[in-house]
Amino acid sequence: MSLFSVIIPYHNRETFLPRTLKSVAAQTLRPLQLILVNNGSTDASERICRTFAETHNRPEFQIILLTDKIRGAAHARNTGLAAATGTWVSFFDSDDEMSPDFLQKMKAVFERENCDVVAAATRMVFANGREKVRSVRYTTSVADQILTGMLSTQSVTMRTDFARRIGGWNEGLRTWDDWEWGVRILLARPALFWMKGEAFHRIHQHHDSLTGVSFSSTYEQIKKAFAAVGGLLEGDKPVHRKACAALCLRKAILAGHLAKEKAMEPAREVLADSLSSAGNRSLRIFCSLLYRYTRAGGKGSWMIAIFGLNFLHKD
């Protein structure tokens, strides 16, 4: 019988892990394989996972406990991927809640559509209790991924052999790694099916998130992610012309956020990179306007960027 593998790395998540593990145990799909990767925890996280495994491990709910001493969620996910024996794989974070019917619905789509990747919208939960479904572009456009990050860690499931074929996760990235990962997924041109009209999970936004509390606090790591995506597009710029333009616009938006946070030196650096990378005067002007709009506190910069990009690249 076909198996689904769920891979969850964790580092000092004793506060959140019980909630996450409970949501995986509540999955309506069986059989199921859960791979928990301890990524250098020093709190009670490992004990929590070990106790959970002792209580829940069954032939139809196989739990594998791994330890990865090399820090970084991407490396830990790759460690889990190497151990996965499922036909399909889902990566999940150790502080969120998985919808109980998620894997069962994903498996049904894989079997019906015979696809490589299934993606869906996710639901964000903020500290004040407010919930919001993430806006996504139901496309396979690399430019859309660059501007919106529509393919994120918990929104995507895929064939395990496909995940391995694209090289797993970029272990050099500590943040925005799923943004870069989504670009590589789409560049591989998979058979991708979007689950439209449904949103899954409870993705909790909090101060201890891997993405950080501000753009300026994680700027050096974000810069590495930009460089990685730029490298993916570098080999065939004419083919990826629209995606390269989207990357310029994403840099301009980031520069605006940095300036809004009063981090002027990195803001000037990334804006200069955006303008120098722009291939024509129209794109440079649009990048400048987008930077100013974002810096002034304007909302929905990514939507404006998509509209402008489609106008500049009507192909």
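These notebook entries record what I looked up in one protein chain, which is a predicted model.

**Entry 1: the whole chain**

I began with the secondary structure and found 12 helices and eight strands in the protein chain. I then looked up the radius of gyration, which is 20 Å for the protein chain. The globule rule gives 20 Å for 315 residues, so the chain is as compact as a globular protein of that length. Along its principal axes, the C-alpha trace spans about 60 × 40 × 35 Å.

I next asked what share of the 315 residues is buried. Buried residues make up 54% of them. For contacts, I took those between residues at least 6 apart in sequence, and 78% of these join residues at least 24 apart.

The accessible surface of the protein chain comes to about 14200 Å². Carbon and sulfur atoms account for 51% of that surface. I also noted the charges: the chain has 42 positive and 31 negative side chains. The centres of these two sets lie 6 Å apart.

I turned to strand β1, residues 4–10, and asked how many of its residues are buried. Seven of its seven residues are buried, and the strand is mostly covered. I then checked its two sides separately. On one side F4, V6, I8 and Y10 are buried, and on the other S5, I7 and P9 are buried, so to speak of either face of β1 is to speak of a covered one.

I looked for the pairing of β1 and found that β1 and β2 pair in the parallel sense over seven bridges. One example I recorded is F4, whose bridge partner in β2 is L32.

Helix α1 came next. Its buried residues are L17, T20, L21, S23, V24 and A25. I asked what covers the buried residues of α1. The cover includes β1, β2, α2 (45–56) and β3 (61–67).

**Entry 2: backbone exceptions**

Before this search I noted a general point: most residues other than glycine have a negative phi, and most peptide bonds are trans.

The peptide bond from R30 to P31 is cis, with omega near 5 degrees. P31 lies in the loop between α1 (17–25) and β2 (32–38).

W176 has a positive phi of about 60 degrees, although it is not a glycine. I located W176 in the loop between α6 (160–165) and α7 (177–187). Is W176 buried or exposed? Its relative accessibility is 12%, and buried means under 20%, so W176 counts as buried.

R189 is in the loop between α7 and β8 (192–204). Its relative accessibility is 69%, and the cut-off for exposed is over 50%, so R189 counts as exposed.

**Entry 3: three buried residues**

I looked up C244 and found it in helix α9, residues 241–260. C244 has a relative accessible area of 18%, which is under the 20% limit, so C244 is buried. I asked which residues C244 touches, not counting residues up to four places away in sequence. They are L233 and K237. I also compared C244 with Q205, which is 39 residues apart from it along the chain, and their C-alpha atoms are separated by 30 Å.

S152 lies in the loop between α5 (142–148) and β7 (156–159). S152 is buried, with a relative accessible area of 9%. Leaving aside its neighbours within four places in sequence, S152 is in contact with R134, D178 and W181.

At 2% relative accessibility, T160 counts as buried. Which residues are in contact with T160, leaving aside its neighbours within four places in sequence? I recorded L81, A84, G86, T87, W88 and V89. T160 and T139 are 21 residues apart in sequence, and their C-alpha atoms are 22 Å apart in space.

Definitions and conventions
Residues numbered from 1 in each chain as written. Predicted model: local features only at pLDDT ≥ 70, side-chain atom pairs only at ≥ 80, totals over all residues. Heavy atoms only, no water. Helix = DSSP H or I, 4+ residues; strand = E, 2+ residues; numbered from the N terminus. Buried < 20%, exposed > 50% of the residue type's maximum accessible area, 1.4 Å probe, protein only. Contact = heavy atoms within 4.5 Å. Rg over C-alpha atoms; globule rule 2.2 N^0.38 Å. Areas by Shrake-Rupley, 256 points an atom, 1.4 Å probe, with all protein chains shown as cover. Lys, Arg positive; Asp, Glu negative; His and termini not counted. Charge placed at Lys NZ, Arg CZ, Asp CG, Glu CD. Pairing = 2+ DSSP bridges.
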